[in-house]
Amino acid sequence: MITSAGVRAALPHRYPMLLVDRVLETGAEEIRAVKAVTLNEPWYARLGPQAAPEDLAYPDVLLIESWTQTAGLLATRLAGGGAGGQVMLFGSVSGVEFHRRVFPGDTVEQHARLERAVHDTMIFQGEGRVDGEPVLTVGRITVAFRPGERLGPPHAGPATG
C-alpha cells in the first residue's frame, strides 16, 4: 500500500488536482488505487443548497484524470521512480466509456494495467469501479518519459545589436 504521503511524493500534482488518495495494491504490471469523492471538493463550491441531484455528479474529465494519475503512479514505478531527470508526459487516451455517474460519498477504485512498454513509452488500460460496479473503462492511454532538460524553452543565443 502507498499512503497519501507516498502518492504526493510520486506525483507532481497538488490540491485541487491531486486525485488519488492512496494506493491499495501494486503488482508487477498493475495497480489499484482509490479516490474518495466528497462534497468538500472545489468543483462543488459553486452549487447552492438547492442543487439538483444531477448537479452533484462528479465531472467525467476528473474521473479520467484520477484514473490517469493512477496509471502514472504505476508508470513512475516501472520507470524507476523518475530517476535521471525524466519527466512523465501524457500522450493520448482512447476507448473511454462511462457506465454510470459518480457522486459524493462514492469511493472510486481505479484499476490500471500495463498493456505494452516500448523503450520510454508505456500503454495502459483499465477501469474505475464503485462498490465493484464499473463506472469507467479506459481502452488505452499512452505515457512517455523524456529528459527534463529537453522540455524547457530553447536557450537564446547572445544578444546582437
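Lys and Arg count here as positive and Asp and Glu as negative, while His and the chain ends are not counted, and the place of a charge is taken as NZ of Lys, CZ of Arg, CG of Asp or CD of Glu. On that basis the protein chain carries 15 positive and 18 negative side chains, and the centres of the two sets lie 5 Å apart.

The structure is a predicted model, in which local features need pLDDT of at least 70 and side-chain atom pairs count only at pLDDT 80 or more, whereas totals for chains, interfaces and linings use all residues. Residues are numbered from 1 along each chain as its sequence is written, and side-chain values use heavy atoms, with hydrogens and water left out.

## Overall layout

Helices (H or I, at least four residues) and strands (E, at least two) are DSSP runs numbered from the N terminus; the protein chain has two helices and six strands, which follow one another from the N terminus as α-β-β-α-β-β-β-β. The C-alpha trace spans about 65 × 45 × 30 Å along its principal axes. Accessible areas come from the Shrake-Rupley method with a 1.4 Å probe, and for residues only the protein chains shown count as cover; the accessible surface of the protein chain comes to about 9,200 Å², and carbon and sulfur atoms account for 54% of that. With buried meaning under 20% relative accessible area, exposed over 50% and partly exposed in between (1.4 Å probe, protein chains only), buried residues make up 33% of the 161 residues. Where contact means heavy atoms within 4.5 Å, residues 24 or more positions apart supply 62% of the contacts with a separation of 6 or more.

## The sheet and its helix

Two strands are taken to pair if DSSP finds at least two bridges between them. The six strands form an open sheet in the order β1-β2-β4-β5-β6-β3, with antiparallel pairing; its edges are β1 (22-26) and β3 (86-98), each of which pairs on one side only. Axes are lines fitted to C-alpha atoms, for helices over the stretch in contact, and angles run from 0 to 180 degrees between N-to-C directions; neighbouring strands of this sheet are turned by 25 degrees against each other on average, direction ignored. Helix α2 (residues 60-78) packs on the sheet and touches β1, β2 (30-36), β3, β4 (107-118), β5 and β6, its direction making about 50 degrees with that of β4.

| Hairpin | Bridges | Residues between strands | Turn residue and phi |
|---|---|---|---|
| β4 and β5 | ten | two | H119, about 55 degrees |
| β5 and β6 | nine | two | D131, about 50 degrees |

Across the pairing of β5 (residues 121-130) with β6 (residues 133-147), the bridge partner of F124 is I141, and that of M122 is V143.

## Two residues

T142 is found in strand β6 and counts as buried because its relative accessibility is 19%. Leaving aside neighbours within four places in sequence, T142 is in contact with L89, F90, G91, S92, T121, M122 and I123. A5, by contrast, lies in helix α1 (residues 4-10) and is exposed, with a relative accessible area of 53%. A5 and I31 are 26 residues apart in sequence and 17 Å apart in space, C-alpha to C-alpha.
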